[in-house]
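Visitor: Hi, I have a structure to look at and some quick questions. Can you walk me through it?
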Amino acid sequence: MTLKKTDQFRALRDVLALAEERRGIRLDDAADHLGIARDDLREALDPVLFLEWRDALGELIGNAGAFILWEDGLLQVDGGHWLRSIASEPPSGANAVRLFLAGMIARAVVEATTPLDTAVAKLREIVAADVVFDPELPRFVTVCQAAHDDEAVLRVRYVSERYESPREFTIECHRVASKWGNWYVMARRDGDPEPRPFRIDRIVAAERTGESFTVDPTISLPEWFAIPESTVTLRLVADDLDRVPKPNRVTRCDELEAGRVEVDIAVLGEHRVDQVLAVLGPAAEVVAPSDALDRRRAFARTMLAHYG
Amino acid sequence: MNAAPKRDALERILQLAVYLRDARPGRTLEQICADIPGYRDNDWESARKKLRRDLADLHDHFGVDAHFDDSTKTYRLAAPFFTDDERHALIAAAELVRIDGIEDNPELVELGRAVDADGARVVVRVDEHLLALRDAIASRTSVHFRYHGRDRTIDPYAVGLWHDHWYVVGFDHDRAERRIYRLDRIEPATPAISMVGKAHGFEIDADANPASMLLVDPNTWGRDEPYSARILVDDDYVSGFRDQLGGDLVEHVDGRAVIALTVRHHQYFRDRLWFFGEHAVVVEPPELRALLRAWLEELAR
């Protein structure tokens, strides 16, 4: 069945995007992606697979339009591709924001290039009059990434909130990635076969051991971390909710009188309960759990030993 | 309903695009009719209308703009928005970084939307309200939302990220002053953020710098009595401490680092200091130590 005009245009532009941005796509996969029959897609692409035209005397003017190569079922955009490159419309608002953020982060993560700088500058003109975004990297991101690239084992000194003292161990950096605002390295610690995520901002020292390992490309950052949550119930002034330290979050908020609220705060990890209680302070009335008040007092007494 | 196209229509439009690309500064209708077969056998008016339709298709489907220059009677392409190198750099950036939280039209035609995002090394989640607020700022429209149990109406000036949280700064109608709100504290509703009033309902000073409006760090804008503080910090916690509170490492005493910083917002400093427990202790000035002691004594009761 021949595609309608609008569908034909859509098929062409989407295949162009897939072929360029994925460095090639199989005709079957493209047809699946677009939800149309393979033969219909093939027919729709005819003009760009074999585009040429002749003048009134039959002389060939050119075939510069044939910018999609089709070999072994693989569609690729050749170096002479021009249709997307002459687009004069700026990205849409939402996509401009997306590209601006991606571009800004890319400049921080990899070496900035002039084209990326100028592209980000153009996007800034569209979105950044309103959006302020300046990503920062923990200092050992590049060290971990280089160790991953070179398959070099690192000895790190790591500060965990759960332990009083920093620990030293070796890691094999199988993947370095940022998620939800934190940078992680998925690593095997001291040769442990089970890879675990380590927050890179908690690495305070790192050096190569001289040993090597083989990167396992199947290891990736989990979609979600199963960190146990504790719930603390407090009554406090509504404006103090802004002081709840991250990554903990308010899961219930009921209004009381005189600008006060009763809230449940989901505290990520038992060890952070003391922090939350200390930060919100004596004006926060502890409702639950029953031992929270004692914990708050114990923290205060420990710290008073340093401020006596 | 669109008619089923002949292959010729798409072919003609693509030929037109490449012809105009190579024919800067432009071509007349007569030249186009002579050189592109699809226009050749039409009378002048039919060819003109067909050309207009084709140019509209180029714009609507491929983002390619051409305009008619009345002074030279030629059609010419507008300059591309990105150069090839810029486009390639942004595609590489889109491959590297996946932005979650922006729900929009996932059209593949949009630059960077057809990449294989499974291999992204960086995944960044932006606040779900970012786009709504950005649109309101762009159209200068006031917004309403619920925040800490209260209704707020603001003229939004800028949104931005600081310490992994997104904020909006704007003029709060009820409080009659500029305020900053954290986006993840906006209460859920449908919609959570609604535009109120007319577009272009307020102005933002043309000289205003969004970054300076979004001075979220309380130690920058705090108005408390400033203290020049020295804090003894265990070496392993220096990096984390400075990420949170800034300051300069000035010396080492008994194997611990001494961080110097000016405290301009007492509450913010205290809240962040407790993160580090016994690993960070203020040694000077006595006034700041007294403030912390008073707080701890109350906490210990």
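Visitor: Let's start with the open sheet of four strands in chain B. What is the strand order?
Guide: This is a predicted model. In chain B, the order is 11-12-10-13, with antiparallel pairing.
Visitor: Which strands stand at the edges?
Guide: Strand 11 (248–253) and strand 13 (280–284) of chain B do. Each has a single partner strand, so one side of each has no neighbour in the sheet.
Visitor: How are neighbouring strands turned against each other on average?
Guide: By 35°, with direction ignored.
Visitor: How many bridges join strand 10 to strand 13 in chain B?
Guide: Four bridges join them. Strand 10 covers residues 227–233, and the two strands run antiparallel. For one pairing, take Leu232(B): its bridge partner in strand 13 of chain B is Val281(B).
Visitor: Which helix packs on that sheet?
Guide: Helix 9 of chain B, residues 238–245. This helix touches strand 10, strand 11, strand 12 (256–263) and strand 13 of chain B. Its direction makes about 5° with that of strand 12 of chain B.
Visitor: Over to chain A. What is the order in its open sheet of four strands?
Guide: In chain A the order is 13-14-12-15, again with antiparallel pairing. Strand 13 (249–255) and strand 15 (285–288) of chain A are the edge strands. Each pairs with a single strand, so one side of each is left without a neighbour in the sheet. The twist averages 25° from one strand to the next.
Visitor: How many bridges pair strand 12 and strand 14 of chain A?
Guide: Nine bridges, in the antiparallel sense. Strand 12 spans residues 229–237 and strand 14 spans residues 260–268. Leu236(A) has Val261(A) as its bridge partner in strand 14 of chain A.
Visitor: And which helix packs on this sheet?
Guide: Helix 8 of chain A, residues 273–280. Helix 8 touches strand 12, strand 14 and strand 15 of chain A. Its direction makes about 5° with that of strand 12 of chain A.
Visitor: What about charges? Which residue forms a salt bridge with Arg235(A)?
Guide: Glu285(A) does. The closest N and O atoms are 3.6 Å apart. Arg235(A) lies in strand 12 of chain A and Glu285(A) in strand 15 of chain A, so the pair ties together parts that are 50 residues apart in sequence.
Visitor: Why can side chains like that pair at all?
Guide: Side chains of opposite charge can pair when their charged atoms come close.
Visitor: At what angle do helix 6 of chain A and helix 5 of chain B pack?
Guide: About 85°, with their axes 8 Å apart. The two helices are therefore roughly perpendicular to each other.
Visitor: New topic. Where does Lys73(B) sit?
Guide: Lys73(B) is in the loop between strand 1 and strand 2 of chain B. Its phi is near 55°, a positive value in a residue other than glycine. Strand 1 (residues 66–69) and strand 2 (residues 74–77) of chain B run antiparallel, joined by four bridges. Phe68(B) has Tyr75(B) as its bridge partner in strand 2 of chain B.

Conventions
Residues are numbered from 1 along each chain as its sequence is written. Chains are lettered from A and ligands numbered from 1 in the order in which they are written. This is a predicted model: local features need pLDDT of at least 70, side-chain atom pairs count only at pLDDT 80 or more; totals for chains, interfaces and linings use all residues. Side-chain values use heavy atoms; hydrogens and water are left out. Axes are lines fitted to C-alpha atoms, for helices over the stretch in contact, and angles run from 0 to 180 degrees between N-to-C directions. Angles under 35 degrees count as roughly parallel, over 145 as roughly antiparallel, 65 to 115 as roughly perpendicular and the rest as oblique. Two strands pair if DSSP finds at least two bridges between them. Contact means heavy atoms within 4.5 Å. A salt bridge is a side-chain nitrogen of Lys or Arg within 4 Å of a carboxyl oxygen of Asp or Glu.
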